[in-house]
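Work through the exercises below with the sequence and the model open. Each task is followed by a stepwise solution.

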2 protein chains.
Amino acid sequence: MTRRLYALCGTDRTRPFSPHVWKTKLSLAHKGLDFDVAPGGFTEIPKLERGATTIVPLLRDGDILVSDSFEIALYLEATYRERPTLFGGEGGKATARFVEGWSQTTLHPAIGRIAIMDIHDRLDPVDQAYFRQSREQRFGKPLEAVAEAGQADLEAFSAKLEPLRHMLKFQPFLGGDRPLFADYIVFGALQWARIVSRQRLLADGDVVTDWFERCLDLHDGLGRSVTAA
Amino acid sequence: MTRRLYALCGTDRTRPFSPHVWKTKLSLAHKGLDFDVAPGGFTEIPKLERGATTIVPLLRDGDILVSDSFEIALYLEATYRERPTLFGGEGGKATARFVEGWSQTTLHPAIGRIAIMDIHDRLDPVDQAYFRQSREQRFGKPLEAVAEAGQADLEAFSAKLEPLRHMLKFQPFLGGDRPLFADYIVFGALQWARIVSRQRLLADGDVVTDWFERCLDLHDGLGRSVTAA
């Protein structure tokens with residue numbers, strides 16, 4: 001096996017949770033490519049591959065190292081052209097950046113607050129210290145205060161999904177009849193929440209829940225290989 | 001001239017303002033297709049083309065009638081294949097539905113509240129009566145109360161544009177190096193606000209403002225053919 005995906009985990013190394021790594025796992029499976037997962041904690045990331053990255057996912061594909069889920073998707077699309085497309089052409093590639101923008105500026109901050117203590121509590125002690133220090137600097141307040149603000153995010157979360165509900169009136173996936181990387185972008189965010197937190201962000205009967213379940217089924221149920229928290 | 005675009009206007013028939021019609025104007029120009037604009041008020045729409053539609057845009061292209069800006073874009077893409085693409089492939093077509101979802105569930109309701117009295121005040125009396133009745137039914141309160149709530153929308157508006165700011169770190173248009181229908185979707189919403197309201201939704205120095213100005217320049221400055229309110 002020459003393909004290795006470096007992932008982020010807490011104490012339980014069988015439950016990698018990074019939203020960005022999940023995007024890449026689905027991308028690799030979409031292309032029908034085998035890979036090993038190498039999980040590690042936050043403080044191990046800068047030591048990977050002789051300091052090749054400060055973020056995961058980091059993909060080693062033979063002699064090639066690529067980090068960042070979008071960069072990896074572009075790399076896979078260019079390198080494995082004969083396999084199923086992740087973008088459906090240049091327009092899909094460009095517009096996926098907007099989907100990334102929406103997910104990262106709308107969903108991620110909310111999930112980050114809602115699940116902040118869940119994430120903290122699942123980490124090794126050395127990573128807990130790093131996580132507390134870096135997040136308290138980012139938010140300018142104690143983790144516990146961020147978590148308290150997360151209650152409002154939880155109540156407002158469903159309304160953030162309206163753009164997806166509109167899209168789902170017309171088609172079963174962001175990619176149309178079939179999923180594309182754009183689906184994996186949004187899936188990654190919700191899968192992160194599913195794995196780390198017992199807070200339920202998606203309600204039964206919501207078309208977004210149905211879409212998320214379809215994504216969990218993809219590629220032999222890859223998303224279900226880690227159970228919900 | 002066999003191509004006619006039915007548009008929405010107020011008393012001043014030279015200032016069509018419907019966001020959806022603007023999407024179609026840009027789409028037709030993108031394809032290099034000539035067209036006449038036939039402006040009318042809200043209450044004239046159901047009488048167009050022997051009751052062909054309840055919404056504008058409505059496009060007559062020879063013997064063909066198509067309504068709805070997205071449907072028209074799909075029609076133009078399928079019919080004028082040899083001309084510049086509006087979607088950049090199937091992936092772009094699918095993902096544009098998400099952009100439509102975002103624009104219509106995030107930007108449109110806010111602009112609708114912010115500009116509600118501006119729109120009302122620009123209409124013919126018969127259309128003012130229709131507009132007040134239909135909007136007061138939709139919102140469950142007087143137009144004036146909706147406008148008051150719009151003040152909060154105005155303050156929160158800039159934050160809604162974060163997904164665009166993320167995308168613009170990577171590329172000048174939603175379509176990538178060049179605009180696609182996805183750009184016209186978002187442009188339409190902001191052009192609607194620009195034409196009907198003196199409220200300034202976009203600030204100088206914002207990358208979104210720069211993108212909007214680039215869109216106003218497209219196709220020989222078609223967007224600037226109607227001045228700001």
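**Exercise 1. Two annotated spans**

Describe the helix and strand content of residues 94-215 of chain A, then of residues 16-84.

Solution. Start with residues 94-215 of chain A: the span is 75% helix and 0% strand, and its end C-alpha atoms lie 22 Å apart. Helices (H or I, at least four residues) and strands (E, at least two) are DSSP runs, numbered from the N terminus. An unreviewed UniProt entry places the feature "domain: Glutathione S-transferase UstS-like C-terminal" at these residues. Next take residues 16-84 of chain A: here the chain is 33% helix and 19% strand, with end C-alpha atoms 25 Å apart. UniProt (unreviewed entry) places "domain: GST N-terminal" there. UniProt positions follow the numbering used here, feature names are shortened, and annotations may be inferred rather than shown by experiment.

A note on the basis: this is a predicted model, where local features need pLDDT of at least 70, side-chain atom pairs count only at pLDDT 80 or more, and totals for chains, interfaces and linings use all residues. Residues are numbered from 1 along each chain as written, chains are lettered from A and ligands numbered from 1 in the order written, and side-chain values use heavy atoms, without hydrogens and water.

**Exercise 2. The interface**

Characterise the contact between chain A and chain B.

Solution. Count residues in contact (heavy atoms within 4.5 Å). Chain A gives 29 and chain B gives 29. Now take the buried area (accessible area, 1.4 Å probe, lost on being put together, summed over both). It is about 2100 Å², and carbon and sulfur atoms give 71%. In chain A, R97(A), F98(A) and H166(A) lose the most area to chain B, together 30% of what that side buries. Then assign elements. α3 (90-114) and α7 (162-168) of chain A each supply at least two residues of the side touching chain B. α3(A) gives the most, with 14 residues.

Terms used
Buried area = accessible area lost by both parts, 1.4 Å probe.
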